[in-house]
Amino acid sequence: MVLASQAQHGMWITEMMHGGGTAYHMPFAMWFDGPLDRGAMLKACESVLARHPVLGCAFEDRDGELHLVPAADRPPVAFVRAADVDGLVREEIARPFDLGRGPLARFTLAEAGPSRHLLLFVGHHLVFDGMSKDLLVRDLAAAYSGGPLPPLPMPYGAAAAIPPEAAAYWREHWRDRQTVVVDGVSGTARTAGRGETVLLDLTGELSGWEEAGVTRFELFLAAVHALLFRYGNAEPAVAVAMSTRRPETREHIGLFATELPLYSAPTPDTTLAELARDLRARLRELNRFRDIPAARAAGGIRPRPALAPVSISFRRRAADVAFPGLGLVAEWKMSNHMVRNVLHLQAVDGADGLRLTLHYSPDVIGREHVERAGEHLRAVLAAGPGLRLADLPLPSAAPVPAPAPVEAPVPGAAAGAVDGELVEQVRQIWMEVLRIEELALDEDLYDLGGHSLTITQISARIRKRLGVEVPFDVFLDDPTVAGVAAAVSELRA
């Protein structure tokens, strides 16, 4: 039993509260051409599982703390002959994971032709991240070639406190931005939904920036912020995927990444280069707290699939590795057919150039707007570092329709007939966990600084003292003492 990281805890409770579908499924396909040794490849998959024990884990809440525990079954490594490879891929991506039983990873080797095979890996994001793809290919190649693949220790297990400076940083910088304007369309994504993709090759647009003194990632990030600003977002908010790997976890497959919101406040006179350098400075400050989830540090942020309506994953791909006698084509940017916000930009920068996938929810924004946004982004990157944002060769922002009003639930509305003693027991549990001496029955948990750990600690104490397992979604529907007490009363009936 090993204590989960803060990032894992946040992702776990988000899925438990919202229901993630395939939003946290991470598929990775490797196509092999040539005389593949099936036995050696299956054995290589087993060697990878033995080397990275996190792939054989499940997650268990014990007294308000989340732990990694051995899965009920070993991750499957299967061989199939597939007449419909596309159908197999869709089925494997959609197959659910049981977070409490595991396993949270699986390999499928499919024979697609006499000398063509697909090795499909699907892992849950709780145990796998973008950089893990490079490590997976490298370790598979080493094992397939007959090289040693010594096991690694479990990389989690240390409790992490919130440094005061991290809490102060997020209290100052956090902005609740759930709505974004893209190509004249105002979109809000509150839950993960079905996703579609638009593909772009932006290799040619990165030339001409060498003298600006910024990295390719900083350039790309600035272009996205500039585009959002020109669309009418006065203070663009973009969640950025950041690696939390340290020297001691550099070789480990697992979740060593976090997604943190980064804000900007440009003006029409700001140049692209100035914006890029400003964002670089903001990133360096943010990087100091990359191990600390914003929701945990700031408090008062409801668990949600995404902390910003737009997000970026930008990854430098590792050098290609060789499988003896085989040609390899890897699909580095596979879609899981869901998206957690309005727009997610997944960029992979490799020796063959910069490839971008725009993931979007068709229930929130139409494909034509996403395609146009992609071409607008291309125009921004091609504009050059000295151009003012006001002079970018883009259409003026279209009028933004007012968002439809959302009816908020009435706090504690269901608690009228709940036994007073039960309400007081729940209130005492809240005060213990929140470490406060007085609490009204209709005060919102998140207004009191509650976060994901608070929820699991309250739930654990209710389970232990009152004998009731409170569903986590209660803390979304009515996060008050009265609301939770009403739920406990109903479950007891």
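Let me start with strand E13, residues 257–263: six of its seven residues are buried, so the strand is largely enclosed by the rest of the structure. Buried here means under 20% relative accessible area, exposed means over 50%, and partly exposed is in between, with a 1.4 Å probe and protein chains only. Helices (H or I, at least four residues) and strands (E, at least two) are DSSP runs, numbered from the N terminus.

Before going on, the origin of the numbers. This is a predicted model, in which local features need pLDDT of at least 70, side-chain atom pairs count only at pLDDT 80 or more, and totals for chains, interfaces and linings use all residues. Residues are numbered from 1 along each chain as its sequence is written, and side-chain values use heavy atoms, with hydrogens and water left out.

Back to E13 and its partner. Strands of a sheet pair through backbone hydrogen bonds, either parallel or antiparallel. Two strands count as paired if DSSP finds at least two bridges between them. Strand E12, residues 237–243, runs antiparallel to E13, and seven bridges join the two. Along that pair, Ser243 is opposite Ala257, and Ala239 is opposite Pro261. E12 is also largely enclosed by the rest of the structure, because five of its seven residues are buried. E12 is joined to strand E14, residues 310–316, as well, in this case by three bridges and in parallel. There, Val240 faces Ile312 of E14.

Next, an open sheet. In what order do its five strands lie? The order is E5-E6-E7-E2-E15, and the pairing is mixed. Strand E5 (77–81) and strand E15 (327–331) are at the edges with a single partner strand each, so one side of each has no neighbour in the sheet. On average, neighbouring strands of this sheet are turned by 20° against each other, direction ignored. For angles in general, axes are lines fitted to C-alpha atoms, for helices over the stretch in contact, and the values run from 0 to 180 degrees between N-to-C directions.

Strand E2, residues 25–33, is antiparallel to E15, with five bridges between them. In that pairing Trp31 sits opposite Val329. Contact means heavy atoms within 4.5 Å. Helix H3, residues 85–94, lies across E2, E5, E6 and E7, at about 175° to E6.

There is also an open sheet of three strands, ordered E1-E4-E3 with antiparallel pairing. Strand E1 (2–3) and strand E3 (57–62) are the edges here; each has a single partner strand, so one side of each is left without a neighbour in the sheet. Two bridges hold the antiparallel pair E1 and E4, where Leu3 stands opposite His67. Helix H1 lies across E3 and E4 and runs at about 95° to E4.

On a 1 Å grid over the protein atoms alone, a cavity is a set of points where a 1.4 Å probe fits but cannot get out; a pocket is an open set with protein on both sides within 12 Å along at least five of seven lines, and lining residues have an atom within 4 Å of a point. Grid points are joined across faces, edges and corners, and a volume is the space filled by probe spheres set on the points.

The second largest pocket has a volume of about 1300 Å³. Its lining has 46 residues, and Gln6, Ala159, Ala160, Ala161 and Arg296 are the ones nearest its centre. Which element gives the most to this lining? Helix H11 does, with six residues.

As for cavities, there are two of 30 Å³ or more. The largest holds about 100 Å³, and its lining includes Val182, Tyr231 and Gly374. Helix H6 (216–230), strand E17 (343–350) and helix H9 (367–383) are the elements that give two or more residues to that lining.

Last, the cysteines. How many disulfides are there? The search of the whole structure finds zero, a disulfide being a pair of cysteine sulfur atoms within 2.5 Å. Cys45 is in none, and the nearest cysteine sulfur, on Cys57, is 18 Å away. Cys45 is buried at 0% relative accessible area, and Cys57 also counts as buried, at 5%.
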